[in-house]
Amino acid sequence: MDEIDDPRIRSVVVVGGGTAGWMTAAALVQHFRTTPLKITVVESSDIGTIGVGEATIPTLRRFYGQLGLRDDDVMRATQATCKLGIRFLDWSGPGSDFIHPFGLYGQDVKGIGFHHYWLKQRRAGDAAPLAAYSLGASLAAGGKFVQPSPNPPSQLSVFDWALHLDAGLFAQHLRAYAEAGGCARIDARIRAVELRPEDGFVRALTLDDGREVEGDLFVDCSGFKGLVIGEALGVGFEDWGRWLPCDAAYAVQSENRPGDAPAPFTRVTARSAGWQWGIPLRHRAGNGLVFSSAHLSDDQALAELMPHLLGDPLTEARRIPFRPGRRAQAWARNCVAIGLSSGFLEPLESTSIALIETGIERLKALFPDRRFAQPILDEFNDQTAREMERVRDFIILHYKLNRRTDTDFWRDCRAMAVPETLERKIALWTARGQFVRYRWEMFHPASWLAIYDGFGLYPDHHDPAVDAMDPAYLARSLAEMRANIADFVARTPDHAQFLTGLDPAASAAPASAA
C-alpha cells in the first residue's frame with residue numbers, strides 16, 4: 001500500500017523533553033505499542049526545564065497507572081511524598097487557614113447534597129466546620145496518611161491522593177520507559193523549523209549539527225517559547241492578565257530540616273502581592289513565590305520569599321517570568337501544543353501537569369491521519385480552550401473571594417470584574433447553594449465547595465427539602481459523621497510512617513512499555 005492509499009501517521013516528532021515531552025512520548029509509546037508508528041523526542045541537554053511543577057492532583061496517578069507503573073515505584077523514583085490536598089494560609093487575613101482536600105464532604109441524603117444539611121445545621125448554631133466532615137481534609141490536618149479503600153463503605157470514606165514529586169526525576173523515569181518501548185531520542189538544539197511552501201505545514205526540524213528531522217505530526221513541548229506553534233506557525237496568544245495579575249515567580253529548592261516530617265499537603269501562603277508555595281519531597285523541598293511585578297519589585301519579592309523557606313536554601317532563587325493565558329489554537333496544521341507551549345496558568349491548584357495529561361488524552365482520542373481533517377482540529381481546540389477557561393475561573397475565584405485588606409493588590413483582586421462563566425457560578429451558589437457544571441471541567445463541586453467555605457461565602461438559602469428532616473435526628477447524624485471520621489484519623493498512621501514503608505533499596509527502574 002503506497003502513501004496515497006495509506007494516509008496513516010507514520011512518525012511523530014516531540015519537540016522538547018522535560019515533563020511534557022516525556023509524558024507525551026511515554027503515553028504514545030504505550031498507546032501505539034502494537035503499531036509501526038515511529039516516535040522521536042528532540043531535546044537539548046544544554047537547555048534546562050522550568051521544573052517547578054512538583055505538586056500534582058490525583059489524575060497523575062491514573063496517568064502513569066495506564067502505563068503499567070505502580071505508585072510505590074514512581075514514588076521511589078521521584079523522591080515523592082503524598083498529597084491529600086492544598087492548605088491555604090492567610091488568604092482571608094493573618095491566621096486564616098483551610099484545606100482544599102481531594103475528596104468529598106459528608107453523606108448526601110435522598111439526592112440532596114450534604115452541604116445543604118450542613119448549612120441548615122450551621123444556621124441553627126452548630127459551629128462544627130465543614131472540614132470535620134471530610135476524611136481527606138482531616139487526615140491532611142492531622143499529618144496522617146493511608147491509601148483509600150478501593151471499595152469505600154460510604155460516601156463519607158471517599159477521598160483521593162496525589163504526589164509531591166521531583167519533576168526532573170519524573171521526566172527521567174518516563175524517558176527510560178519511553179526509550180524501552182522504542183522511542184528515539186535526539187540530543188540537539190533546533191536551529192530552524194522548515195515549513196512546506198505549498199500549505200505551511202511543518203516539514204522538518206533543522207538541528208544545530210545540520211541534520212533534518214522530518215515527521216508527519218509534531219507535538220510542541222518546547223515550553224513558554226512555543227518554538228513551533230508560536231514562532232514558526234505564528235499562532236497567537238490570548239492574555240488573561242486582566243483577571244490573573246501575577247506575572248512572575250521566584251523558585252528555590254531547600255533542605256529538609258532534621259526531624260521535620262513532610263506534610264501530606266501543599267502549603268500555599270498569601271503574601272503582599274501574590275502567594276508562596278511550599279512542597280515537601282523526601283530529599284528536599286520546593287519553594288517559590290508567585291507575584292505581580294506591578295505591585296512588587298524583584299528585591300521585595302525575594303525579601304518576602306527567602307525568610308519563609310521550608311529549610312536552608314540549596315539553590316539560588318531563579319526568576320521565572322510568565323504570561324497567564326492560552327494559545328488561540330492548541331492545534332494548528334500538523335502541530336499540537338502540549339504543556340506550557342499551549343498556555344500557562346499559575347500553579348495555585350497544581351494544574352500544570354494535569355493539563356499535560358488531558359492534552360495527551362485528547363491527542364490519543366482524536367489522533368489524525370495525514371489529511372488532518374479540520375473537524376478533528378476544531379474539536380481538539382474547543383475542548384482545550386474550554387478546559388483551560390474552566391481552570392482559569394477556578395483560580396480567579398481564589399483571588400476574587402480573598403478577604404485581605406492590607407495591600408492594593410488584594411483589594412484590586414476583590415474588586416475586579418470576573419468572566420461571565422465564573423460570575424454565573426458565584427451567583428447561583430449564593431442564591432441557592434447549587435453548582436453550575438460546564439463541559440471539560442477539571443474541578444468538581446466538592447472543590448468549589450471547599451473554596452466557597454474556605455473564604456466564608458455561603459448561600460442565602462439551603463434546599464428547602466432538608467427541612468423535612470427532624471432537627472434532632474439531623475444533629476445526631478452529623479455528630480456521628482464527625483465522630484466516625486475523627487476515630488478513623490486517630491487510628492491512622494502518620495504520613496512519615498507510610499513513607500518509611502517505601503523500600504529505598506527497591507529498584508526504581510520503570511516497567512516495560514510492552
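Student: What makes the largest nonpolar core a core, and which residues have the most contacts inside it?
Tutor: A nonpolar core is a set of buried Ala, Val, Leu, Ile, Met, Phe, Trp, Tyr and Cys residues joined through side-chain atoms within 4.5 Å. Buried means under 20% relative accessible area, with exposed being over 50% and partly exposed in between (1.4 Å probe, protein chains only). The largest such set has 142 residues, and Leu363 and Tyr399 have the most contacts inside it. Its largest share, nine residues, comes from α10. Apart from it lies another core, of 19 residues, including Ala188 and Leu233.

Student: Before we go on, what sort of model is this?
Tutor: It's a predicted model, where local features need pLDDT of at least 70, side-chain atom pairs count only at pLDDT 80 or more, and totals for chains, interfaces and linings use all residues. Residues are numbered from 1 along each chain as its sequence is written, and side-chain values use heavy atoms, leaving out hydrogens and water.

Student: Back to Tyr399: which residues does it touch?
Tutor: Contact means heavy atoms within 4.5 Å. Not counting residues up to four places away in sequence, Tyr399 touches several, among them Leu244, Cys246, Trp275, Phe409 and Cys413.

Student: Is Cys246 called buried or exposed, and why?
Tutor: Its relative accessible area is 0%, so Cys246 is buried. Cys183, at 6%, is buried as well.

Student: Where do Lys83 and Glu349 sit?
Tutor: Helices (H or I, at least four residues) and strands (E, at least two) are DSSP runs, numbered from the N terminus. Lys83 is in strand β3, residues 81–83. Glu349 is in the loop between β21 (343–344) and α9 (352–365).

Student: What makes the pairing of the Lys83 and Thr266 side chains a polar contact?
Tutor: A polar contact is a pair of N or O atoms within 3.5 Å; within protein, one must be able to donate a hydrogen and the other to accept it, and residues adjacent in sequence count only if both atoms are side-chain atoms. The Lys83–Thr266 distance is 3.4 Å. Glu349 makes one with the side chain of His100, at 3.0 Å.

Student: What makes the phi of Asp90 worth a look?
Tutor: Most residues other than glycine have a negative phi. For Asp90 phi is near 70 degrees, a positive value. Asp90 is in the loop between β4 (85–89) and β5 (97–101), and at 19% it's buried. Phe372 also has a positive phi, near 45 degrees. Phe372 is in the loop between α9 and α10 (374–400), and with 7% relative accessible area it's buried.
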